[in-house]
Amino acid sequence: MRAVQVQEYGGPEVLRTVETEVPEPGPGQVSVDVAYTGVNFADLKARGEGYRVPSLPFVPGLEVSGRVRALGEGVSRVEVGQEVAALTAGGAYADVVVTDATTVFPLPSGVDLRTAATLPTVLPTAYALVHAVGRLQPGETVLVQGAAGGIGTAVGQLAKAAGASGVFGVVSGAAKAKYALDHGYDDVFVVPSTTDSVQFVDEVRAATGGRGVDLALDPVGGETFRASLASLAVFGRLVSFGNASSAEPWRVGQPELYPTGLSVSGFSILTLAQTAPGALRALTEKAFTAVAEGVVSLPVTAEFPLEEASEAHRLMGGRTSTGKLLLRVA
């Protein structure tokens, strides 16, 4: 079978298509004949920095859609031939991938394989940020970094559906701002570089009459994390769900939190899959229901053949992409 391997860390050019053995599922696992693979920023960090890479060579990819190929011992939740979406720990840039049965989900009625590939990481993450971790309430306001990306696109729609009175986004360019305004955002602030992140604090304060936002969602870290914290209203909440800037891990304590009763929390869908798979399943089922009911949709804005994974990485790494990028496998 084909697989796209990282044999050394570096730019998109290190992604190489190779022929390798078809993996077989072990106990509690499922193998999937892949139709589509989702491309995520975590894949770029794995390729360039070794993020969550156990050893080299390594096949990136965290989410797929396809059909169940084989079942490992003890698996009864799905059937061979069934159309599914799956969250993986890696290995998704391939014709066949093996993953734990707990992170394999039958497709909701009316959801095709192409759409399904956009769901396993983005939709549960967005749903958790708005509901399970962010606990957004009707009438509250929310600030979202990366508003035109996959998670940002879903969060904008989910926040509106949850009754947010103001949904504000931060993006890196005018085209992304227009895209975000079409997907649930009331106002979008253009910040070309993370080094300019302090700029959006003043804009947020102006847009909220000086009050700040009730909830801020940050996948960037570093200066952007600190500026997001400074954008909060009294009793505001900040959720960190990534460190795209590769800055030193954030630290916050009494001096920052006590004066106005702020709180900070974190979320990682990959870690949740390892530590609380039951909670992940419940979260994912709610997120998939929101898709099936038309509450949220995630446009596929670019699609590449598996052999052109490097081009998908170049597009995402250039900070010009919006929505969701896919690899077409079969």
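Buried means under 20% relative accessible area, exposed means over 50%, and partly exposed lies in between, with a 1.4 Å probe and protein chains only. By that rule Phe235, at 62% relative accessibility, counts as exposed. This is a predicted model: local features need pLDDT of at least 70, side-chain atom pairs count only at pLDDT 80 or more, and totals for chains, interfaces and linings use all residues. Residues are numbered from 1 along each chain as its sequence is written, and side-chain values use heavy atoms, with hydrogens and water left out.

**The chain as a whole**

- The chain holds 11 helices and 15 strands. Both are DSSP runs numbered from the N terminus: helices are H or I with at least four residues, strands are E with at least two.
- Along the principal axes, the C-alpha atoms fill a box of roughly 60 × 40 × 35 Å.
- Of the 330 residues, 55% are buried.
- The accessible surface comes to about 13,500 Å², and carbon and sulfur atoms own 52% of it. Areas come from the Shrake-Rupley method with a 1.4 Å probe; for residues, only the protein chains shown count as cover.
- Among contacts with a separation of 6 or more, 69% join residues 24 or more positions apart. Contact means heavy atoms within 4.5 Å.

**Helix 1 and helix 11**

- Two packed helices are described by the angle between their axes and the distance between the axes.
- Helix 1 (residues 41–49) packs on helix 11 (residues 309–317) at about 105 degrees, with the axes 10 Å apart. Axes are lines fitted to C-alpha atoms, for helices over the stretch in contact, and angles run from 0 to 180 degrees between N-to-C directions.
- The two helices are therefore roughly perpendicular to each other.
- Phe41, Asp43, Leu44 and Arg47 of helix 1 meet His313, Met316 and Gly317 of helix 11.
- By class, this contact has three nonpolar, two polar and two charged residues. Ala, Val, Leu, Ile, Met, Phe, Trp, Tyr, Cys and Pro count as nonpolar, Asp, Glu, Lys and Arg as charged, and the others, Gly among them, as polar.
- Asp43, Leu44, Lys45, Ala46 and Arg47 are the buried residues of helix 1. They pack against strand 1 (2–6), strand 2 (15–19), strand 3 (29–39) and helix 11.

**Helix 3 and helix 10**

- Helix 3 (residues 122–132) and helix 10 (residues 277–292) pack at about 100 degrees, their axes 9 Å apart. That makes helix 3 roughly perpendicular to helix 10.
- Helix 3 contributes Leu123, Pro124, Tyr127, Ala128 and Ala132, while helix 10 contributes Leu283, Thr284, Lys286, Ala287 and Val291.
- This contact divides into eight nonpolar, one polar and one charged residue.

**Two buried strand residues**

- Phe105 sits in strand 7 (residues 104–106). At 4% relative accessibility, Phe105 counts as buried.
- Beyond its neighbours within four places in sequence, Phe105 contacts Val84, Ala85, Arg281, Thr284 and Phe288.
- Val142 belongs to strand 8 (residues 141–145) and counts as buried at 1% relative accessibility.
- Leaving aside neighbours within four places in sequence, the contacts of Val142 are Leu136, Ala159, Gly166, Val167, Phe168, Val213, Leu215 and Leu217.
- Val142 and Phe168 are 26 residues apart in sequence, with their C-alpha atoms 6.1 Å apart.

**Backbone features**

- Most residues other than glycine have a negative phi, and most peptide bonds are trans.
- Phe235, in strand 12 (residues 232–240), has a positive phi near 65 degrees.
- Arg319 has a positive phi near 60 degrees. Arg319 lies in the loop between helix 11 and strand 15 (324–328) and is partly exposed, at 42% relative accessible area.
- Gly50 follows helix 1 and has a positive phi near 80 degrees.
- The Leu56 to Pro57 peptide bond is cis, with omega near -5 degrees. Pro57 is in the loop between helix 1 and strand 4 (63–71).

Conventions:
Parallel < 35°, antiparallel > 145°, perpendicular 65-115°, else oblique.
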